[in-house]
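Welcome! Please take a look at the sequence and the model below, and then let us walk through them together.

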Amino acid sequence: MIQFSHVRPRPRSLPCSRPRRLPRGLRRIAVLAVGGVLLAAAGCGGGSSDEAAGRRPHQEQRQGAARGVPQGLPGMPPLLDPNDVYAADRPNALSPVVKDFPSRVYVPNTESDTVSVIDPKTYKVIETIPVGSQPQHVVPSWDLKTLWVNNDRGHTLTPIDPATGRAGKTVAVHDPYNLYFTPDGKYAVVMASMDRELVFRDAHTMKRKKTVPVSCLGVNHADFSPDGRYFIVSCEFSGELLKVDTEKMKVIGQQKLPFDGAMPQDVKIASDGRTWYIADMMADGLWVLDGDKFTEPWLMPTGKGAHGLYVSRDSKSMYISNRGEGSISVLDLKSRKLVHKWELPDGGSPDMGGVSADGKVLWLSGRYNGEVYAIDTTDGHQIARIPVGAGPHGLAVYPQPGRYSLGHTGIFR
């Protein structure tokens with residue numbers, strides 16, 4: 001039986017999910033379903049070993065409690081500052097694990113089945129790595145030692161060693177659209193959209209721990225609460241949000257966004273650990289959510305095709321890529337007010353990316369322009385526009401500050 005991909009027209013902007021390619025001669029359009037969850041193999045660096053990260057979780061938790069930091073998920077390294085989720089992400093505060101890695105920008109080209117590697121000093125592509133079919137995101141492992149390329153339609157993960165830039169042996173994983181890691185490092189969570197599941201797997205053996213079927217369509221992005229006990233997932237094709245208990249591996253909340261045709265994308269918690277933001281490319285703004293209460297959010301307009309969300313190195317600002325209009329909005333997290341809008345010269349389609357280790361450059365893929373944008377974070381001017389492959393998507397700037405990775409293109413704490 002032939003399995004069809006989901007195709008949408010390209011009015012305002014396409015789903016962040018993927019420009020899926022149909023087999024030759026096929027013209028039918030099928031309905032895309034949602035998400036799953038995966039674990040990375042410990043041998044490739046996606047594992048959960050506290051020893052590998054050089055920490056003693058229980059000792060850290062006791063010390064954290066003494067400082068007034070809320071108790072988190074068992075085995076999770078406690079927050080450095082209870083008032084700042086991103087306190088570990090200060091400029092150039094690199095972990096000893098990554099301090100000697102060369103600085104690179106890894107760009108998955110969804111339609112070229114390659115990863116372009118950019119040297120951020122010269123703003124030039126220095127290597128092109130062949131990978132599997134339709135790579136969507138490049139994801140740092142929890143222990144920071146491996147970059148996982150999510151080959152969505154190839155049903156594999158390609159590991160890249162960030163110390164050498166070499167690709168390793170692929171790992172079979174079905175429909176890995178996106179990849180996250182639980183804060184304790186025990187499990188990887190794969191957003192397997194076609195399978196409509198969240199699959200928790202053991203990080204060492206890759207054996208399936210638990211499969212969580214979901215009823216919403218198009219799970220794609222997520223972020224974790226400060227204590228790591230729950231995470232919130234966006235479902236782009238049904239305009240819904242899920243709240244998932246991390247330890248129980250169970251959906252504990254689900255709601256429809258109050259906007260006809262909503263298409264939620266990136267999810268990011270504010271530095272205060274209380275406010276959640278969800279980009280919506282059809283509502284052209286951010287949903288502002290109380291994650292603990294999980295009550296109905298309100299909409300903050302930012303720009304056409306709001307898509308990716310990235311926090312500045314001082315935890316004060318959030319950069320919002322407006323893919324449908326070629327701009328970046330800047331949100332002051334304390335006041336919750338938009339303070340800037342930076343327009344890309346000659347337009348563009350800014351999508352996913354990350355902030356440089358020193359915090360001075362915002363890197364974003366140009367999804368429909370076959371290019372990458374380097375943007376100065378002091379005044380928003382474009383530093384460089386770099387040609388890459390076709391359909392560049394979830395690029396990873398690496399290394400970045402932080403003690404461990406929660407996945408996507410780099411959520412570090």
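**A guided tour**

This protein has 1 helix and 29 strands; helices (H or I, at least four residues) and strands (E, at least two) are DSSP runs, numbered from the N terminus. You are looking at a predicted model, in which local features need pLDDT of at least 70 and side-chain atom pairs count only at pLDDT 80 or more, while totals for chains, interfaces and linings use all residues. Residues are numbered from 1 along each chain as its sequence is written, and side-chain values use heavy atoms, with hydrogens and water left out.

Let us begin with the whole protein. Of its 413 residues, 64% count as buried, meaning under 20% relative accessible area with a 1.4 Å probe, protein chains only. The exposed surface comes to about 15300 Å², and carbon and sulfur atoms supply 50% of it (Shrake-Rupley method, 1.4 Å probe). Among contacts (heavy atoms within 4.5 Å) between residues at least 6 apart in sequence, 53% join residues at least 24 apart.

Now for the spaces inside. On a 1 Å grid over the protein atoms alone, a cavity is a set of points where a 1.4 Å probe fits but cannot get out, and a pocket is an open set with protein on both sides within 12 Å along at least five of seven lines; lining residues have an atom within 4 Å of a point. Grid points are joined across faces, edges and corners, and a volume is the space filled by probe spheres set on the points.

The structure holds 2 cavities of 30 Å³ or more. The largest cavity contains about 170 Å³ of space, and 15 residues line it, with Asp 89, Val 311, Arg 313, Gln 400 and Gly 410 nearest its centre. Two or more lining residues come from each of strand S21 (306–311) and strand S25 (350–355); S25 gives the largest share, 3 residues. By class, this lining has 6 nonpolar, 6 polar and 3 charged residues. Here Ala, Val, Leu, Ile, Met, Phe, Trp, Tyr, Cys and Pro count as nonpolar, Asp, Glu, Lys and Arg as charged, and the others, Gly among them, as polar.

The second largest cavity has a volume of about 30 Å³. Leu 79, Asp 84 and Arg 413 are among the residues that line it, and its lining has 5 nonpolar, no polar and 3 charged residues.

Finally, turn to the largest pocket, with about 260 Å³ of space. Of its 16 lining residues, Ser 103, Pro 120, Ser 356, Ala 357 and Asp 358 are the closest to its centre. Strand S1 (104–109) and strand S26 (361–366) each supply at least two residues of this lining.

Definitions and conventions:
Buried < 20%, exposed > 50% of the residue type's maximum accessible area, 1.4 Å probe, protein only.
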